[in-house]
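This report looks at the surroundings of two ligands. The sequence and structure come first.

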Amino acid sequence: MRILVTGGCGFIGSNFVRYFLKTYPDGSLINVDKLTYAGNLENLSDLSGSPRYHFIRGDIADAARMEELISKDVEAIVNFAAESHVDRSIEDPSAFMKTNVFGTFVLLEAVRKVFPKRSIRFVQISTDEVYGSLGETGAFTEETPLAPNSPYSASKSAADMLVRAYYHTYGLPAVITRCSNNYGPYQFPEKLIPLMISNAIEGKELPIYGDGMHVRDWIYVEDHCQAIDVVLQRGKAGEVYNIGGRSERPNLVVAKAILDRLGKPHSMIRFVADRPGHDRRYAIDFSKIERELGWTPSVSFEEGISRTVEWYLNHQEWWKKIRTGEYLNYYKRMYENR
Ligand code: NAD
Ligand code: DAU
């Protein structure tokens, strides 16, 4: 199978590229990535030289470029490319609209130009954040109405609506996955888990928003990659598949688990001003993908967080290089005087 992946130099994308090439010895893959602040060629440096892997620097919002790439002989497109960080979307939403909304539209149009002359599938990597926030109980199902609360989740919801419309109007064989919070190797250290681990290793405070009782469902990235593959191979066109880790934890519990594994005191936690519009709780009902496609997560939170802490301890050069320049400016803006 020959596929095109967008955003393959980011966190989940790079894990997926490696997973795909390992799983399919006859498979080949083109990775198109703009290399924004979150894209890092080092994430896939072990693949350079592989005849089955081809990297192209490009923007998914560049219509001519995407048409040219998609007109080549690819059987499927997996769209990971996105601006992905909620706090950055609150600071400045414009890049989120360009990439997440317009970029997805450009890809869909490029696919529309080759389909149905050629058989091609489109997998949109969406998020559970499109469903909004839950109270104390309940879980998002694929039927839960979309109610995004941040510019990031609004942009992802808009993209989902476009994918839906292209399936209904043009019959474009597209599927959408909506996954909960990922963690694991190569996650950019602005997100909760890698931020907490790298701060703790460097002896810096761990900033927790509000009362720390906001709940996320955590999934180890390799489990997410497996689920995406199952949807890519067997997902039904026009359908949405929720994906989760069965590991709901309040942020405070996550931060303490990290400190415990590093042998550091809980007093390193500092409560800071809450995120505006902060969603209180996410929980995801992923029984559809379990029932229909036979996927279930296999890595427990305890196992996944131990592996992740270990990875960040063993790859300090990787994240220390990131935590310079633009990152430090971002960190100051986000956390100083908060
Ligand atoms: P990330 O920020 O680590 O990586 C995004 C990648 O996309 C980067 O390599 C970046 O250079 C690239 N990119 C950005 N704009 C681009 C453009 N215009 N053209 C081409 N490439 C571009 O993100 P991630 O955490 O790996 O998330 C990947 C996808 O999964 C996103 O669509 C995100 O919405 C979704 N998702 C993430 C999570 C999570 O917990 N991280 C959970 C569910 C869904
Ligand atoms: O649910 C899936 C989503 O998960 C993805 O679609 C997003 O791309 C991804 O970034 C993630 O969004 P969150 O906003 O949930 O992730 P983040 O790591 O930014 O925050 C997780 C929780 O931790 C959230 O409740 C906010 C809180 N937090 C975060 C940071 C960075 C803190 O308390 N302190 C922090 O410094």
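## Elements around ligand 2

Helix H6 (192-201) and strand E8 (206-209) each supply at least two residues of the shell around ligand 2. The model is predicted. In this model, 25 residues surround ligand 2. Asp128, Glu129, Tyr152, Arg275 and His278 are the closest.

By class, the ligand 2 shell holds eleven nonpolar residues, eight polar ones and six charged ones.

## Polar contacts and cover of ligand 2

For His278, a polar side-chain atom is 2.6 Å from an oxygen atom of the ligand. For Arg275, a polar side-chain atom is 2.7 Å from a ligand 2 oxygen. Tyr209 uses its backbone: an N or O atom there lies 2.9 Å from an oxygen atom of ligand 2. On its own, ligand 2 has 690 Å² of accessible area, and the protein covers 94% of that.

## Position between domains

Why does ligand 2 lie between domain 1 and domain 2? Both domains give residues to the shell around ligand 2, so the ligand lies between them. Domain 1 comprises 2-183 + 220-243. Domain 2 comprises 192-215 + 247-277 + 300-332.

## The shell around ligand 1

Ligand 1 has 28 residues around it. Which of them come nearest? They are Ile12, Asp33, Ser84, Tyr152 and Lys156.

The class make-up of the ligand 1 shell is twelve nonpolar, twelve polar and four charged residues.

## Polar contacts and cover of ligand 1

Tyr152 brings a polar side-chain atom to 2.6 Å from an oxygen atom of ligand 1. Ile12 has a polar backbone atom 2.8 Å from a ligand 1 oxygen. Leu35 also takes part through its backbone, with an N or O atom 3.5 Å from an oxygen atom of ligand 1. Taken alone, ligand 1 exposes 840 Å², of which the protein buries 97%.

Which element gives the most to the shell around ligand 1? Strand E5 does, with three residues.

How values were computed. Residues numbered from 1 in each chain as written. Chains lettered and ligands numbered in written order. Predicted model: local features only at pLDDT ≥ 70, side-chain atom pairs only at ≥ 80, totals over all residues. Heavy atoms only, no water. Near = heavy atom within 4 Å. Polar contact = N/O pair within 3.5 Å; in protein donor to acceptor, adjacent residues only side chain to side chain. Areas by Shrake-Rupley, 256 points an atom, 1.4 Å probe, with all protein chains shown as cover. Helix = DSSP H or I, 4+ residues; strand = E, 2+ residues; numbered from the N terminus. Nonpolar A, V, L, I, M, F, W, Y, C, P; charged D, E, K, R; others polar. Domains from an automatic or database assignment.
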